[in-house]
Amino acid sequence: MKSFEKELPEQYDALKKKANYTSSWRDRLDAVTTLSAYQHEKVIDLLNNRMKNDTVFKVQMAAYSALVAFGENVEKPTPARFDVIKNPNKIFLRVKKSLPKDHTLEDFAEKLKRMRIDVYDAFEGDKGDQFMAWLEERWAKL
């Protein structure tokens with residue numbers, strides 16, 4: 001059985017902040033991965049929160065894997081059946097209306113990233129390599 005550190009890491013506060021940083025799923029995943037080496041009550045609470053509440057399934061699964069490795073009795077998360085952000089079309093429409101009529105998908109994606117990095121990041125993390133194709137489909141329907 002793998003052994004874990006029992007004390008909080010020195011950089012716990014920074015890792016906690018990073019694990020809850022809404023505009024970067026990569027930062028959250030990195031923090032969860034780093035924290036998975038520390039079997040401490042505060043880390044377990046934080047990982048439980050990420051597993052249950054993160055918008056990106058990869059982050060949820062990383063937290064789940066760490067908790068299972070700690071011996072915690074947790075239920076495996078399931079991928080979101082619907083959009084990871086509630087009512088994204090309202091947000092997308094607002095972004096589209098803020099652009100000139102002849103704008104491109106790239107213009108739309110860039111403006112979405114500037115206006116709502118949290119939404120952009122959540123869907124990018126959720127959709128992975130298919131993100132731009134998915135975004136193009138949504139953009140075309142607006």
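**Entry 1: Asp-54 and its partner.** I started at Asp-54, which is buried, with a relative accessible area of 3%. I was working on a predicted model. Next I looked up the partner of Asp-54. The side chain of Arg-50 meets Asp-54 in a salt bridge, 2.6 Å from N to O. I then checked how accessible Arg-50 is. Arg-50 comes out at 10% relative accessibility, so I put Arg-50 down as buried, because the cut-off for buried is under 20%.

**Entry 2: Arg-28 and Asp-121.** I turned to a second pair. Arg-28 and Asp-121 form a salt bridge through their side chains, at 3.8 Å from N to O. This pair links distant parts of the chain. I found Arg-28 in helix H2 (residues 25–35) and Asp-121 in helix H7 (residues 117–127), 93 residues apart. Both Arg-28 and Asp-121 are buried.

**Entry 3: the network.** Which residues are linked with Arg-28 in a network of salt bridges? I noted Arg-50, Asp-54 and Asp-121.

**Entry 4: Asp-83 and Arg-138.** I looked at one more salt bridge, between Asp-83 and Arg-138, where the closest N and O atoms are 3.0 Å apart. Asp-83 sits in the loop between helix H4 (57–69) and helix H5 (88–97), and Arg-138 in helix H8 (residues 131–141), so the pair ties together parts 55 residues apart in sequence. Is Asp-83 buried or partly exposed? Its relative accessibility is 31%, so I logged Asp-83 as partly exposed. Arg-138, at 15% relative accessibility, counts as buried.

Notes:
Residues numbered from 1 in each chain as written. Predicted model: local features only at pLDDT ≥ 70, side-chain atom pairs only at ≥ 80, totals over all residues. Heavy atoms only, no water. Salt bridge = Lys/Arg side-chain N within 4 Å of Asp/Glu carboxyl O. Helix = DSSP H or I, 4+ residues; strand = E, 2+ residues; numbered from the N terminus. Buried < 20%, exposed > 50% of the residue type's maximum accessible area, 1.4 Å probe, protein only.
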